[in-house]
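The sequence and the model are shown first, and the description follows.

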Amino acid sequence: MSESETPQSQAGNGVIPFPAPAKPATVTFDRRELSELLNLYGRMVAAGEWRDYAIDFLKDQAQFSVYRRSSEVPLYRIVKDPALAKRQGAYSVVAATGLVLKRGTELSRVLRVLDKKLSVVG
């Protein structure tokens, strides 16, 4: 390439194609979802049920894992998988054994499976 030639003149008509919008590299929880998850986590910590959590943002799903102790496997995993949004719902609660406890399109409804009902102690 000589000094008088520019990279645009070599492209033919001088038009540089605009790249197509890229899909997000990872799936994440938005602010509202994180607020719901952390509110539930706070209630369960106050009740003495949970002690630790982890958040994983993967390429195809996001996971919020809760632990009784940090050295154990997670008690529950709250999973957001957008690929399942049209079929079964993007959100699911998975137990430590791998059993899917609840699946749905609304996070608040899915999280209800983890809320313990209050009972009167006599």
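Which residues does Ser92 touch, not counting residues up to four places away in sequence? In this predicted model, Ser92 touches Arg77, Ile78, Val79, Val100, Lys102, Arg103 and Val110. Ser92 has its place in strand E4. With a relative accessible area of 8%, Ser92 falls under the 20% limit and is therefore buried.

**The nonpolar core**

The largest nonpolar core has 19 residues, and those touching the most other members are Leu37, Trp50, Phe64, Ile78, Leu111 and Leu114. Two or more residues come from each of the elements in the table below.

| Element | Residues |
|---|---|
| Helix H2 | 31-46 |
| Strand E2 | 62-67 |
| Strand E4 | 91-95 |
| Helix H3 | 107-111 |

The most is given by H2, which contributes four residues to this core. Leu111 touches Glu36, Leu37, Leu40 and Ile78, when residues up to four places away in sequence are not counted.

**Helix H2**

Helix H2 has 16 residues, and the distance from its first C-alpha to its last is 22 Å, close to the 22 Å expected at 1.5 Å a residue. Its buried residues are Glu33, Glu36, Leu37, Leu40, Tyr41 and Met44. These residues lie on the same side of H2 because they cover an arc of only 130 degrees around the axis. Strands E1 (52-57), E2, E3 (76-80) and E4, together with helix H3, are among what covers the buried residues of H2. On the face turned away from the buried side, H2 carries the exposed residues Arg31 and Ala46.

At the N-terminal end, H2 is capped by Asp30, a side-chain oxygen of which lies 3.2 Å from the backbone nitrogen of Arg32. Just after H2, Gly48 takes a positive phi of about 85 degrees.

**Aromatic pairs**

The structure holds six aromatic pairs. In one of them, the ring centres of Tyr41 and Phe64 are 6.5 Å apart and the planes stand at 80 degrees, so this pair is edge-to-face. Because Tyr41 lies in helix H2 and Phe64 in strand E2, the pair ties together parts that are 23 residues apart in sequence. Both Tyr41 and Phe64 are buried. Ring pairs also link Tyr41 and Phe64 with Trp50, Tyr53 and Tyr76 into a cluster.

Notes. Residues numbered from 1 in each chain as written. Predicted model: local features only at pLDDT ≥ 70, side-chain atom pairs only at ≥ 80, totals over all residues. Heavy atoms only, no water. Core = buried A, V, L, I, M, F, W, Y, C linked by side-chain atoms within 4.5 Å. Buried < 20%, exposed > 50% of the residue type's maximum accessible area, 1.4 Å probe, protein only. Contact = heavy atoms within 4.5 Å. Expected span 1.5 Å × (residues − 1). Arc of directions from axis to C-beta. Polar contact = N/O pair within 3.5 Å; in protein donor to acceptor, adjacent residues only side chain to side chain. Phe/Tyr/Trp six-rings, centres within 6.5 Å; stacked < 30°, edge-to-face > 60°.
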